[in-house]
Amino acid sequence: MNSSTLRRPALEAHGPTPEAPEPNFALSLAERIALFGDEAILSSPEFAAMRGVSDRINHRERLAGAGCPYVLLSARRIGYRYGDCKAFLRGRRVGVVQGDAA
């Protein structure tokens, strides 16, 4: 065997083909909810936007143990289940809306 038979083909010669686009694993929130329903995971900024508050408020509530239940995704990353977010917001509802009184 000589060294020329062990060489790998140059990668530069094989650029990306139009038929094989780059994979995109990032789904929008609406796509995740459509796929996973109440099990979809929201980021803290997404949940803050859903509530109409800053992400800092979510952080403060987590530290105080008063916020929405969350999931530890890694040592430094948390997420919120969509179903938990809906239940949390329903639990914070004040007053009676016409038609809800039984």
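Modeller: What follows covers one buried arginine, a group of aromatic rings and a pair of helices.

Modeller: This is a predicted model, in which local features need pLDDT of at least 70 and side-chain atom pairs count only at pLDDT 80 or more, while totals for chains, interfaces and linings use all residues. Residues are numbered from 1 along each chain as its sequence is written, and side-chain values use heavy atoms, with hydrogens and water left out.

Biologist: Is Arg 32 buried or exposed?

Modeller: Arg 32 sits in helix H1, residues 29-36. Helices (H or I, at least four residues) and strands (E, at least two) are DSSP runs, numbered from the N terminus. Buried means under 20% relative accessible area, exposed over 50%, and partly exposed in between, with a 1.4 Å probe and protein chains only. Arg 32 has a relative accessible area of 16%, so Arg 32 is buried.

Biologist: What kind of aromatic pair do Phe 47 and Tyr 80 form?

Modeller: Rings of Phe, Tyr and Trp (its six-membered ring) pair if their centres lie within 6.5 Å; planes under 30 degrees apart are stacked, over 60 edge-to-face, and the rest tilted. By this rule there are two aromatic pairs. For Phe 47 and Tyr 80 the distance is 4.6 Å centre to centre and the angle between the planes is 40°, which makes the pair tilted.

Biologist: How many residues apart are Phe 47 and Tyr 80?

Modeller: Phe 47 belongs to helix H2 (residues 44-51) and Tyr 80 to strand E3 (residues 78-81). The pair links distant parts of the chain, 33 residues apart.

Biologist: Why is the pair of Phe 47 and Phe 88 called edge-to-face?

Modeller: Phe 47 is buried, with a relative accessible area of 0%. The ring centres of Phe 47 and Phe 88 are 6.1 Å apart and the planes stand at 65°, so the pair is edge-to-face.

Biologist: Which residues form the aromatic cluster?

Modeller: Phe 47 and Phe 88 are both buried, and Tyr 80 is buried too, at 1%. One aromatic cluster is formed by Phe 47, Tyr 80 and Phe 88.

Biologist: How do H2 and H4 lie to each other?

Modeller: Axes are lines fitted to C-alpha atoms, for helices over the stretch in contact, and angles run from 0 to 180 degrees between N-to-C directions. The axes of H2 and H4 come within 12 Å and cross at roughly 30°. Angles under 35 degrees count as roughly parallel, over 145 as roughly antiparallel, 65 to 115 as roughly perpendicular and the rest as oblique. H2 and H4 are therefore roughly parallel.
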